[in-house]
Amino acid sequence: MQNANQKQKAKPKGRPLASTNQETRKNLLDAAVMLFAKQGVSATSLAQIASHANLTPAMIHYYFKTREQLIEAVVRERVMNLISILWQDMDWLSGSPVEMVSLLIDHMIDAAEQMPWLPELWIKEMVTEGGQLRPILVSAIRKDNVAQILKTIKRWQDAGVFHSDIHPYYFFNALVTTVMTPLCVHRRWLQFVQKNPDKDYLDLTREALSKHCKTMLIHGILVHDRA
């Protein structure tokens with residue numbers, strides 16, 4: 001009887017059960033994206049990812065045959081969530097330039113709150129030259145959406161409501177970087193504030209960041225009368 005109970009309690013060996021596959025794969029992607037954000041893609045080994053996910057390195061190869069497959073999955077199933085949030089319904093293209101900037105900034109802050117690893121990963125792998133995630137992300141972005149954005153900015157410029165000196169190709173990158181950079185150092189600034197409580201002018205709330213980015217960008221895109 002005891003032997004029978006022991007057999008019933010014995011854990012199955014070999015490949016993971018189908019019911020756990022999805023959760024284990026999710027844990028691997030979560031571990032990978034956290035480590036990529038912290039130390040960069042090139043500095044992160046598969047063994048480190050496996051350890052962070054409490055798995056053996058061999059288990060990674062069950063879900064991802066190569067390192068490249070894992071990196072591509074991180075982009076398409078994690079980083080692309082930012083693009084999905086930014087382009088949800090693309091409502092901002094039907095409004096004014098000011099409405100567009102305001103909505104995109106709020107969407108990006110929303111994305112960073114949902115994905116705390118995003119700002120550091122973006123700066124390390126998307127902005128920095130040689131980032132390994134950038135080519136994959138660029139290839140995954142829908143070209144028709146990009147064309148629609150560029151066409152809208154050109155229309156605004158022709159109408160005289162969007163500064164003509166701003167290059168449409170560079171604008172979107174500048175907008176994302178303007179928001180991601182302060183978000184990337186946000187925790188460090190919070191630590192400074194905690195050590196210097198008398199610095200009450202250091203307002204680091206979501207509202208303060210949103211206002212800061214909107215003020216910088218909106219004043220940059222608007223056409224001002226020249227004396």
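Colleague: Helix α10 passes helix α12 in a right-handed crossing, in what is a predicted model. At what angle do α10 and α12 pack, and how far apart are their axes?

Modeller: In general, a pair of packed helices is described by two quantities, the angle between the axes and the distance separating them. Here α10, residues 168–184, and α12, residues 206–221, pack at about 155°, and their axes are 10 Å apart. An angle over 145 degrees counts as roughly antiparallel, and α10 and α12 are therefore roughly antiparallel to each other.

Colleague: Which residues of α10 and α12 meet?

Modeller: From α10 come F171, L175, T178, V179, P182 and L183, and they meet L209, C213, L217 and I221 of α12. By class, this contact has nine nonpolar residues, one polar and no charged.

Colleague: Which residues of α10 are buried?

Modeller: Burial is judged from relative accessible area, with under 20% counting as buried. In α10, the buried residues are P168, F171, F172, L175, V176, T178, V179, M180, L183 and C184. As for its length, α10 has 17 residues and reaches 25 Å from first C-alpha to last, close to the 24 Å expected at 1.5 Å a residue.

Colleague: At what angle does α9 pack against α10?

Modeller: The angle between α9 and α10 is about 110°, and the axes are 9 Å apart. Angles of 65 to 115 degrees count as roughly perpendicular, and α9 and α10 are therefore roughly perpendicular to each other. In this contact, I149, L150, I153 and Q157 belong to α9, while P168, Y169, F171 and F172 belong to α10. These residues divide into seven nonpolar, one polar and no charged.

Colleague: Q157 is found in α9. Is Q157 buried or exposed?

Modeller: Q157 is buried, because its relative accessible area is 14%. Leaving aside residues up to four places away in sequence, Q157 touches F162, H163, S164, I166 and P168.

Colleague: Against which helices do the buried residues of α6 pack?

Modeller: The buried residues of α6 pack against α5 (67–86), α7 (118–127), α9 (143–158), α10 and α12. Among the buried residues of α6 are P97, M100, H107 and A112. Helix α6, residues 97–114, has 18 residues and reaches 26 Å from its first C-alpha to its last, close to the 26 Å expected at 1.5 Å a residue.

Colleague: What is the phi of N54?

Modeller: As a general rule, most residues other than glycine have a negative phi. N54 has a positive phi of about 60° although it is not a glycine. N54 is found in the loop between α3 (46–52) and α4 (57–63). With a relative accessible area of 71%, N54 is exposed.

Colleague: L35 lies in helix α2. How far apart are L35 and W117 in sequence and in space?

Modeller: L35 and W117 are separated by 82 residues in sequence and by 9.0 Å in space, C-alpha to C-alpha. L35 is buried, with a relative accessible area of 9%, and touches G40, T44, Q48, I49 and H52, not counting residues up to four places away in sequence.

Colleague: How does N27 count in terms of accessibility, and how far is N27 from I49?

Modeller: N27, found in helix α2, residues 18–39, counts as partly exposed at 31% relative accessibility. N27 and I49 are 22 residues apart in sequence and 9.7 Å apart in space, C-alpha to C-alpha.

Definitions and conventions: Residues numbered from 1 in each chain as written. Predicted model: local features only at pLDDT ≥ 70, side-chain atom pairs only at ≥ 80, totals over all residues. Heavy atoms only, no water. Axes fitted to C-alpha atoms, helices over the stretch in contact; angles between N-to-C directions. Helix = DSSP H or I, 4+ residues; strand = E, 2+ residues; numbered from the N terminus. Parallel < 35°, antiparallel > 145°, perpendicular 65-115°, else oblique. Left-handed = near helix turned anticlockwise from the far one by under 90°. Contact = heavy atoms within 4.5 Å. Nonpolar A, V, L, I, M, F, W, Y, C, P; charged D, E, K, R; others polar. Expected span 1.5 Å × (residues − 1). Buried < 20%, exposed > 50% of the residue type's maximum accessible area, 1.4 Å probe, protein only.
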